[in-house]
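Biologist: I would like to learn how to read the features of a model like this one. Please give the general idea each time, and then the case here.

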Amino acid sequence: MTHQPQQSPQFFLTAPSPCPYLEGQLERKVFTHLVGGRASELNDLLTQGGFRRSQNIAYRPACENCRACVSVRILAGEFKQDKSMRRVWNRNRDLIGNIHHAEPSTEQYSLFRHYLDARHNKGGMSEMTVLDYAMMVEDTHVPTQIIEYRRRGPDSFITKKGEGELIAVALTDMMGDGLSMVYSFFNPEHASRSLGTFMILDHIQRAAAAGLPHVYLGYWVEGSRKMQYKIRYKPQEHLGTKGWERQD
């Protein structure tokens with residue numbers, strides 16, 4: 001019986017294109033495919049090395065003249081909520097997040113469409129169809145889950161499930177050393193709940209309860225206002241030339 005060596009992943013480089021975060025900059029990405037029996041192991045290694053997953057692709061910035069994108073991960077076990085975060089947490093105590101397999105639904109897509117139209121109607125995802133959404137959720141070869149957030153109902157103390165309107169959704173990868181938040185969205189009519197903040201706080205609590213040290217948030221982009229929120233959650237680590245460095 002002959003031994004077949006495991007094939008190393010192949011990496012590719014995209015052509016330059018306008019940066020979606022910093023005006024006047026061009027972005028390039030290096031990427032590889034996450035498929036086959038080693039996809040989960042490879043995703044863990046690449047995420048720890050600053051990559052992000054989108055469907056069955058792992059990518060990271062490889063821009064020629066800019067290093068503004070910095071990988072961020074929260075130290076879940078040491079994290080303490082500040083006063084504003086505690087207010088957000090208490091404001092959403094009536095919500096329950098239930099875990100599901102990474103399977104799309106029409107209810108999810110309806111909320112996703114409402115979110116994009118209200119918050120990102122000129123972004124790169126604004127034209128996503130129901131099929132595009134299904135691919136975003138289903139096209140994964142790594143352990144991935146959907147967390148649906150709904151209000152507590154009269155039977156929730158028995159069922160442990162929320163009831164009624166779907167208020168927010170998180171698509172999350174489960175890794176050996178933490179949770180990686182791939183994408184999240186919510187009903188924009190509940191802006192006062194600060195649901196984006198709440199979902200991050202909920203993931204931190206879930207990771208800590210499971211004994212997982214990290215919650216991966218993707219890239220903080222210095223100079224981009226819409227990415228500024230990611231450095232609020234301390235302590236955290238940033239990936240630099242010397243590896244992951246603590247930021248208090």
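The dialogue below goes through the sheet, the backbone, the salt bridges and a surface patch.

Modeller: This is a predicted model, in which local features need pLDDT of at least 70 and side-chain atom pairs count only at pLDDT 80 or more, while totals for chains, interfaces and linings use all residues. Residues are numbered from 1 along each chain as its sequence is written, and side-chain values use heavy atoms, with hydrogens and water left out.

Biologist: In what order do the strands of the open sheet lie?

Modeller: Terms come before the order. Helices (H or I, at least four residues) and strands (E, at least two) are DSSP runs numbered from the N terminus, and two strands pair if DSSP finds at least two bridges between them. Here eight strands make up an open sheet with mixed pairing, ordered β8-β9-β10-β11-β12-β7-β13-β14.

Biologist: What should I look for in the backbone angles?

Modeller: Most residues other than glycine have a negative phi, and most peptide bonds are trans. One case to note is the cis peptide bond between K234 and P235, with omega about -5 degrees. P235 sits in the loop between β12 (214–221) and β13 (236–240).

Biologist: Where are Q55 and S194 found?

Modeller: Q55, with a positive phi of about 55 degrees although it is not a glycine, is in the loop between β5 (52–54) and β6 (57–61). S194 also has a positive phi, near 55 degrees, and lies in the loop between β11 and α6 (195–209).

Biologist: Are these two residues buried, partly exposed or exposed?

Modeller: Buried means under 20% relative accessible area, exposed over 50%, and partly exposed in between (1.4 Å probe, protein chains only). Q55 has 25% and is therefore partly exposed; S194, at 27%, is partly exposed as well.

Biologist: How many salt bridges does a search of the whole structure find?

Modeller: A salt bridge is a side-chain nitrogen of Lys or Arg within 4 Å of a carboxyl oxygen of Asp or Glu. The search finds 14. One of them joins D94 and R193, with 2.7 Å from N to O. D94 lies in the loop between α2 (83–91) and β8 and R193 in the loop between β11 and α6, so the pair ties together parts that are 99 residues apart in sequence. D94 is partly exposed at 28%, whereas R193 is buried at 9%.

Biologist: Which residues are linked in a network of salt bridges?

Modeller: The network links D94, R151, E165 and R193. Within it, E165 and R151 form a salt bridge with closest N and O atoms 3.2 Å apart. E165 is in strand β10 and R151 in strand β9, 14 residues apart. E165 is partly exposed at 34%, and R151 is partly exposed at 31%.

Biologist: Which residues form the nonpolar patch on the surface?

Modeller: Patches are made of residues with over 30% relative accessible area and no salt bridge, where like charges are joined within 9 Å and nonpolar side chains (Val, Leu, Ile, Met, Phe, Trp, Tyr) within 5 Å. Accessible areas come from the Shrake-Rupley method with a 1.4 Å probe; for residues, only the protein chains shown count as cover. V130, L131 and M135 form this patch, with about 280 Å² of accessible area together. L131 belongs to helix α4 (residues 130–138) and is exposed at 57%.
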